Amino acid sequence: MNLWHLDLHLDWEVITDSTEVALPQGIDNLEQLETLSRFNVTSACGSCNIIELNKLNLRGDVCLLNLAKMPTGQAIYANLKGKHIEKLILRWQSSVLNDQLVQQQSEDVIKSLEPHHGLKCLWIVNYPGNNFPHWMADRVFFEARDNSSLYLQQFQLSPSFGAVACLKNLLISNLPMDKIFMPGGFPSLEHLKLVNLSSLKSLCLENEIPKLKQIYISDCPNLNRVVVF
């Protein structure tokens with residue numbers, strides 16, 4: 001009952017859909033718990049429900065997996081805004097990336113998973129929605145710390161997508177797109193990485209990305225046009 005740390009460490013860059021550890025019911029009874037680095041959303045009988053995180057004063061790193069399985073109405077009870085989390089990953093299964101049935105549900109879920117303003121690093125992986133929540137445009141999340149970063153990996157990217165004011169690092173990978181258009185209005189973007197985009201033929205960037213330092217391109221065999229205007 002006096003457990004403070006339950007560290008189920010993950011290498012965030014190599015997580016797969018098979019990375020699952022279902023926690024047992026009763027986590028909310030560990031009132032002193034500060035570290036719970038991994039939580040797998042599951043409907044398995046006898047498993048911990050996301051609502052059990054509500055009163056826990058979690059800190060440090062938290063990875064929420066399989067968010068497509070989370071009922072919309074439960075996400076708000078995770079109370080991430082009330083926890084001093086510094087590094088957060090929100091991950092959906094890759095199988096739902098283009099699933100329109102879970103698109104709206106996922107947009108509602110991510111809206112309810114607003115983190116604390118002390119967040120240093122946010123990863124969003126396999127997000128199937130077309131719209132990001134309003135809190136991602138709030139610069140206060142990432143202005144407080146110089147080394148703060150936001151990573152968007154394997155999300156549902158439309159050919160033209162709106163800016164995220166606090167975005168410093170953007171990784172786009174494994175998407176079936178032949179053109180990427182990035183408008184201006186990315187005042188914080190420094191590093192853009194394009195990886196394993198076999199269909200990509202054209203990359204268009206507006207010149208109003210003042211802090212862009214590096215564009216890294218790998219495994220994009222059909223890319224033959226890069227335009228800055």
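Tutor: One definition before we start. Helices (H or I, at least four residues) and strands (E, at least two) are DSSP runs, numbered from the N terminus. Also, the model is predicted.

Student: Okay. Where does Asn126 lie, then?

Tutor: Asn126 lies in the loop between strand 6 and helix 3, and helix 3 covers 140-143.

Student: Is Asn126 buried or exposed?

Tutor: Its relative accessibility is 0%, so Asn126 counts as buried. The cut-off for buried is under 20% relative accessible area.

Student: What about the phi of Asn126?

Tutor: Phi of Asn126 is near 60 degrees. That is a positive value in a residue other than glycine.

Student: Why point that out? What do most residues do?

Tutor: Most residues other than glycine have a negative phi.

Student: Got it. And what is the phi of Asn66?

Tutor: Asn66 also has a phi near 60 degrees, again positive and again not in a glycine. Asn66 sits in the loop between strand 4 and helix 1. With a relative accessible area of 3%, Asn66 is buried.

Student: Let's zoom out. How many helices and strands does the protein have?

Tutor: The protein has three helices and 13 strands.

Student: And how much of the protein counts as buried?

Tutor: Of its 229 residues, 47% count as buried.

Student: What share of contacts comes from residues 24 or more positions apart?

Tutor: Take the contacts with a separation of 6 or more. Residues 24 or more positions apart account for 55% of those.

Student: New topic. How many residues are in the largest nonpolar core?

Tutor: The largest nonpolar core has 36 residues. Leu64, Leu90, Trp92 and Leu113 have the most contacts inside this core.

Student: Which elements give two or more residues to this core?

Tutor: They are strand 4 (59-65), strand 5 (84-91), helix 2 (103-112) and strand 6 (121-125). Strand 5 gives the most, with three residues.

Student: Now helix 2. Which residues of helix 2 are buried?

Tutor: Ser106, Glu107, Val109 and Ile110 are the buried residues of helix 2. Their arc around the axis is only 165 degrees, so they are on the same side of helix 2.

Student: What do those buried residues of helix 2 pack against?

Tutor: They pack against helix 1 (72-75), strand 5 and strand 6.

Student: And Gln104? Where is its place?

Tutor: Gln104 is in helix 2. Its relative accessible area is 46%, so Gln104 is partly exposed. The cut-off for exposed is over 50%.

Student: How far apart are Gln104 and Gly129?

Tutor: In sequence, Gln104 and Gly129 are 25 residues apart. In space, they are 6.5 Å apart, C-alpha to C-alpha.

Student: Let's do sheets. In what order do the strands of the open sheet come?

Tutor: The order is 9-11-13. Three strands form this open sheet, with parallel pairing. Strand 9 (179-182) and strand 13 (225-228) each have a single partner strand, so they stand at the edges. Neighbouring strands here are turned by 5 degrees against each other on average, direction ignored.

Student: What do strands of a sheet pair through?

Tutor: Strands of a sheet pair through backbone hydrogen bonds.

Student: How many bridges join strand 9 to strand 11?

Tutor: Four bridges join strand 9 to strand 11, which covers residues 202-205. Ile180 has Leu203 as its bridge partner, and Met182 has Leu205. Four bridges also join strand 11 to strand 13. There, Cys204 stands opposite Val227.

Student: Which way do the residues of strand 11 point?

Tutor: Ser202 and Cys204 point one way, while Leu203 and Leu205 point the other way. All of these are buried.

Student: Last one, cysteines. How many disulfides does the structure hold?

Tutor: The structure holds zero disulfides.

Student: Are Cys48 and Cys63 buried or exposed?

Tutor: Cys48 is at 4% relative accessibility, so Cys48 counts as buried. Cys63 is at 0%, so Cys63 counts as buried too.

Note on methods:
Residues numbered from 1 in each chain as written. Predicted model: local features only at pLDDT ≥ 70, side-chain atom pairs only at ≥ 80, totals over all residues. Heavy atoms only, no water. Disulfide = S-S within 2.5 Å. Buried < 20%, exposed > 50% of the residue type's maximum accessible area, 1.4 Å probe, protein only. Pairing = 2+ DSSP bridges. Axes fitted to C-alpha atoms, helices over the stretch in contact; angles between N-to-C directions. Core = buried A, V, L, I, M, F, W, Y, C linked by side-chain atoms within 4.5 Å. Arc of directions from axis to C-beta. Contact = heavy atoms within 4.5 Å.
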